[in-house]
Amino acid sequence: DVTCRYASDWMSGAKKRRINDEWWEESLRPSRTTNQKRDEEEDKQLQARLEKQPHPRTVAGFKNHPLYALERHLLKFEALFPEKPPILGYIRNEAIYPRECVKVLHSRETWLKDAKAIKAGERPYKMVKKHPKKNESEHLRNQLRLELYGDWQIEDYVPPPTKDGKVPRNAFGNVELYKPSMLPAGAVHLTLPNLQKVARKLDIDCAPAMMGWDFLGGFNVPVFDGVVVCAEYEQVLIDAWEQQRGEMEKQTAKKREKVVLE
């Protein structure tokens, strides 16, 4: 795609009028050349040419600009990083920053969905108004604030391991299993139906596996699939579950046979 070479207003107007970028990239995929080195070199030349163009002359021209940004155009979950980014110039006494300094921030819970945890001692980079939960009072809704962090403040999430036959849980009694790496050491994830009832009969500790979230009725609701148990109880639970299923199938067959004979 070499449109930027011929569109004089590519940086301000033409790019914003484009169709969805993902759809466009997918449409161009069959036409791509196999000479990747040549494509990369051409992209560098086009980028260098764009960087030589002067800044937009209006404040509106900086909105969603691919190279430059104004602080007034930052979205709710965006911030400038580092705290004192380089200033490329001014427009109406307002500083112009490189677009590469605009970073997307996420809450602690959102980072956890990608198996990321906030580093110890890190302070929120930005505070924004929080979307209230269903059970929160009207009085508190305007006072709620959401802590946001950047990707330079996170590290890989390491779940606590199992201990003494017990599965570590969150405050709600579940195991957050958004990614395979979030499975606690010494535990297994089983998705057999009604396994919790079998574990309860055998007095084996298990916890529901929360796989993600769904949007329902204007609020996020958790999605569960299976349970998490200690690895040493895996085969015991499976054997007990298969035995129970066999007994239930026999009972169902007897009932069906009785109905037929009557």
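Student: What is the order of the strands in the open sheet of 4 strands?

Tutor: The order is β11-β13-β14-β12, and the pairing is mixed. Strands here are DSSP runs of E with at least two residues, helices are runs of H or I with at least four, and both are numbered from the N terminus. This is a predicted model, in which local features need pLDDT of at least 70 and side-chain atom pairs count only at pLDDT 80 or more, while totals for chains, interfaces and linings use all residues. Residues are numbered from 1 along each chain as its sequence is written, and side-chain values use heavy atoms, with hydrogens and water left out.

Student: Why do β11 and β12 stand at the edges?

Tutor: β11 (175–176) and β12 each have a single partner strand, so one side of each has no neighbour in the sheet.

Student: How do you know that β12 and β14 are joined?

Tutor: Two strands pair if DSSP finds at least two bridges between them. Between β12 and β14 there are 4 bridges, and these strands run antiparallel. Leu190 stands opposite Val227 in β14.

Student: What covers the buried residues of α8?

Tutor: The cover includes β12 (187–190), α7 (195–201) and β14 (219–230). The buried residues in α8 are Leu237, Ile238, Ala240, Trp241 and Gln244. Buried means under 20% relative accessible area, exposed means over 50%, and partly exposed lies in between (1.4 Å probe, protein chains only). On spacing in general, an α-helix has 3.6 residues a turn, so residues three or four places apart point the same way.

Student: How many aromatic pairs does a search of the whole structure find?

Tutor: The search finds 4. Rings of Phe, Tyr and Trp (its six-membered ring) pair if their centres lie within 6.5 Å; planes under 30 degrees apart count as stacked, over 60 as edge-to-face, and the rest as tilted.

Student: What makes the pair of Phe62 and Tyr68 edge-to-face?

Tutor: The ring centres of Phe62 and Tyr68 are 6.5 Å apart and the planes are at 65 degrees, so the pair is edge-to-face. Both Phe62 and Tyr68 are buried.

Student: What type of pair do Phe81 and Tyr125 form, and which parts does this pair tie together?

Tutor: Phe81 and Tyr125 have ring centres 5.9 Å apart and planes at 70 degrees, so this pair is edge-to-face. Phe81 lies in the loop between β2 (78–80) and β3 (89–91), and Tyr125 in the loop between β7 (116–118) and β8 (126–129), so parts 44 residues apart in sequence are tied together. Phe81, Tyr125 and Trp152 form one aromatic cluster.

Student: What is the peptide bond from Phe81 to Pro82 called?

Tutor: That bond is cis, with omega near 5 degrees. Pro82 is in the loop between β2 and β3. In general, most peptide bonds are trans, and most residues other than glycine have a negative phi.

Student: Which value does phi take in Asn64?

Tutor: Phi of Asn64 is near 60 degrees, which is positive in a residue other than glycine. Asn64 counts as exposed, at 58% relative accessibility. Ala115 also is not a glycine and has a positive phi of about 60 degrees, but Ala115 is buried, with a relative accessible area of 8%.

How values were computed
Contact = heavy atoms within 4.5 Å.
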